[in-house]
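Good morning, and thank you for coming.

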Amino acid sequence: MLLGSFNSVVGFIFLGLLILSVYALINAAFQREDAYRAADKQTKRFWLLILGVTVAVQLFVGMLLLVLAGTVATIVYLVDVRPALRAVSGGGRGSRGGGWSSSDGPYGPYNGNR
């Protein structure tokens with residue numbers, strides 16, 4: 001009984017990791033090639049290859065060590081590369097209304113608009 005519930009929990013974790021990797025792969029595919037160079041990251045082809053292999057391993061092989069290595073690559077992309085690409089491409093919070101400042105509140109700047 002306990003082993004059956006453990007297998008289902010592990011299955012849900014693997015499914016979540018697969019969804020995260022597919023999201024990272026799709027996001028990497030839709031980014032511009034020159035944004036990778038401007039952000040001083042690896043090339044678009046490199047990230048598509050790494051994330052594509054990660055998704056393939058999670059779908060077809062399922063070995064824990066390979067899944068963990070692919071998960072690390074996915075997390076590196078989502079935490080390091082994706083924000084750098086968004087900053088270079090003008091995406092994110094800073095692209096609306098001329099940019100945000102660290103002194104901005106929900107209704108405008110706290111510094112008296114100086």
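By exposed I mean over 50% relative accessible area; buried means under 20%, and partly exposed lies in between, with a 1.4 Å probe and protein chains only. Asp40 sits in the loop between helix H2 (33-38) and helix H3 (44-61). Its phi is near 60 degrees, a positive value in a residue other than glycine.

A word on the source. This is a predicted model, in which local features need pLDDT of at least 70 and side-chain atom pairs count only at pLDDT 80 or more, while totals for chains, interfaces and linings use all residues. Residues are numbered from 1 along each chain as its sequence is written, and side-chain values use heavy atoms, with hydrogens and water left out.

Now the overall layout. The chain contains four helices and two strands, in the order α-α-α-α-β-β from the N terminus. Helices (H or I, at least four residues) and strands (E, at least two) are DSSP runs, numbered from the N terminus. Of the 114 residues, 25% count as buried.

What makes up the largest nonpolar core? Twelve residues do, among them Ala24, Tyr36, Trp47 and Leu85. A nonpolar core is a set of buried Ala, Val, Leu, Ile, Met, Phe, Trp, Tyr and Cys residues joined through side-chain atoms within 4.5 Å. Helix H1 (2-30), H2, H3 and helix H4 (64-89) each supply at least two residues of this core, and H4 gives the most, with five. Leu85 is in contact (heavy atoms within 4.5 Å) with Gln31, Ala35, Tyr36, Ala39 and Tyr77, leaving aside its neighbours within four places in sequence.

Let us turn to H3. This helix has 18 residues and reaches 25 Å from its first C-alpha to its last, close to the 26 Å expected at 1.5 Å a residue; the expected span is 1.5 Å times one less than the number of residues. Its buried residues include Trp47, Leu51 and Val55. Leu48, also in H3, counts as partly exposed because its relative accessibility is 28%. Leu48 touches Leu25, Ala28 and Ala29, not counting residues up to four places away in sequence. Phe60, another residue of H3, is exposed, with a relative accessible area of 70%. Just after H3, Gly62 takes a positive phi of about 75 degrees.

Finally, the charged pairs. Side chains of opposite charge can pair when their charged atoms come close. The structure holds three salt bridges, each defined as a side-chain nitrogen of Lys or Arg within 4 Å of a carboxyl oxygen of Asp or Glu. One joins Asp34 and Arg32, at 3.0 Å from N to O. Another joins Glu33 and Arg37, at 3.7 Å from N to O. Because Glu33 and Arg37 are four residues apart in helix H2, they are separated by about one helical turn. Where do the partners Lys41 and Asp80 lie? Their side chains meet in a salt bridge of 3.0 Å, N to O, and the pair links distant parts of the chain: Lys41 in the loop between H2 and H3, and Asp80 in helix H4, 39 residues apart. Lys41 is partly exposed, with a relative accessible area of 28%, and Asp80 is partly exposed, at 38%.

Thank you for your attention.
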